[in-house]
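Have the viewer open as you go.

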Amino acid sequence: MKITILTLFPEMFDSYLNTSIIKRAIAKGLVDYQIINIRDYTKNKYNRVDDYPTGGGAGLIMQCQPVIDALKSVDRENAKVMLTSPRGKTFTQEKAVELSKEEHLIFICGHYEGIDERVNKYVDELVSIGDFILTGGEIPVMAICDAVTRLIKGVIAEESIIDESFSYGLLEYPQYTFPYDYEGDKIPDILFSGNHEAINKWRKKKSLELTKIHRPDLFEKYPFSKQDLKLLEELKTNETPKWEKEALKKGQKFIKNKKEK
């Protein structure tokens, strides 16, 4: 995949492109990032890329000429051009999956008080990361690119993606690692039982519980299976269900050994 970013502040992407997973993905040739400085395309003798709003108003507006000329410098064949804007639909994990299948993504980062309306005619899609205001589009674009890049095949292990939050409409189950006991807060024994069926059932139950508590909007539209409904019934009591008790009993040897790690 190729990702091209048009921005007034290319230096903001230096750390992003040279850190962790993104850096390794670039090194492997799985994604090619191109950062274009919009200011390089201004025709203003003072190198300006903005001006006051026509008709009056506060702040400065990005001029259409340097933005559009910067965009025209890019090969847009088989590319999707996107602009961060409050008019756009809110970015979701589902959208990240969709964009990860594109051949070439081009992002335009707005700045200042806004961007000349005429730029929108050159854009395929508007996108927003939420109903709040930032100083520019650079941070939203980084967030979107990060979500998309990690979904490209080979960037991270596929099994790391399968059970993530939102992948199946629910929040992810709780995750733990050693030490077993930290200041009295212990890892649930079921996770040491070696019974993968019971572990998966416990995890699904916890996903349902966390989603109901923290994201009732997702919970209300989730298509519950018969097993999900049984797990939800179990949540109404504080008792350990029969299937979990049996898994804990059979897995005592594994549980003891892991606790001692």
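This is a predicted model: local features need pLDDT of at least 70, side-chain atom pairs count only at pLDDT 80 or more; totals for chains, interfaces and linings use all residues.

Helix 7 (residues 196–214) and helix 9 (residues 226–235) have axes that come within 10 Å, with a crossing angle of roughly 70°. Angles of 65 to 115 degrees count as roughly perpendicular, so that is the label for helix 7 and helix 9.

Who does the touching? On the helix 7 side, the contact is made by Lys201, Lys204, Lys205, Leu208 and Glu209. Helix 9 answers with Gln227, Asp228, Leu231, Leu232, Glu234 and Leu235. Sorted by class, this contact has 6 charged residues, 4 nonpolar and 1 polar.

## The largest pocket

Next stop, the largest pocket, which holds about 560 Å³ of space. It is lined by 25 residues, and the closest to its centre are Thr84, Ser85, Pro86, Glu113 and Gly114.

Strand 5 (79–90), strand 7 (114–115) and strand 8 (125–128) are the elements that give two or more residues to the lining. Strand 5 gives the most, with 5 residues.

## Helix 3 under cover

Finally, have a look at helix 3 (residues 64–72). Its buried residues are Cys64, Pro66, Val67, Ile68, Ala70 and Leu71.

What sits over them? The cover for those buried residues includes strand 1 (2–7), strand 2 (32–37), strand 4 (61–62) and strand 6 (104–108).

Methods:
Residues are numbered from 1 along each chain as its sequence is written. Side-chain values use heavy atoms; hydrogens and water are left out. On a 1 Å grid over the protein atoms alone, a cavity is a set of points where a 1.4 Å probe fits but cannot get out, and a pocket is an open set with protein on both sides within 12 Å along at least five of seven lines; lining residues have an atom within 4 Å of a point. Grid points are joined across faces, edges and corners, and a volume is the space filled by probe spheres set on the points. Helices (H or I, at least four residues) and strands (E, at least two) are DSSP runs, numbered from the N terminus. Axes are lines fitted to C-alpha atoms, for helices over the stretch in contact, and angles run from 0 to 180 degrees between N-to-C directions. Angles under 35 degrees count as roughly parallel, over 145 as roughly antiparallel, 65 to 115 as roughly perpendicular and the rest as oblique. Contact means heavy atoms within 4.5 Å. Ala, Val, Leu, Ile, Met, Phe, Trp, Tyr, Cys and Pro count as nonpolar, Asp, Glu, Lys and Arg as charged, and the others, Gly among them, as polar. Buried means under 20% relative accessible area, exposed over 50%, partly exposed in between (1.4 Å probe, protein chains only).
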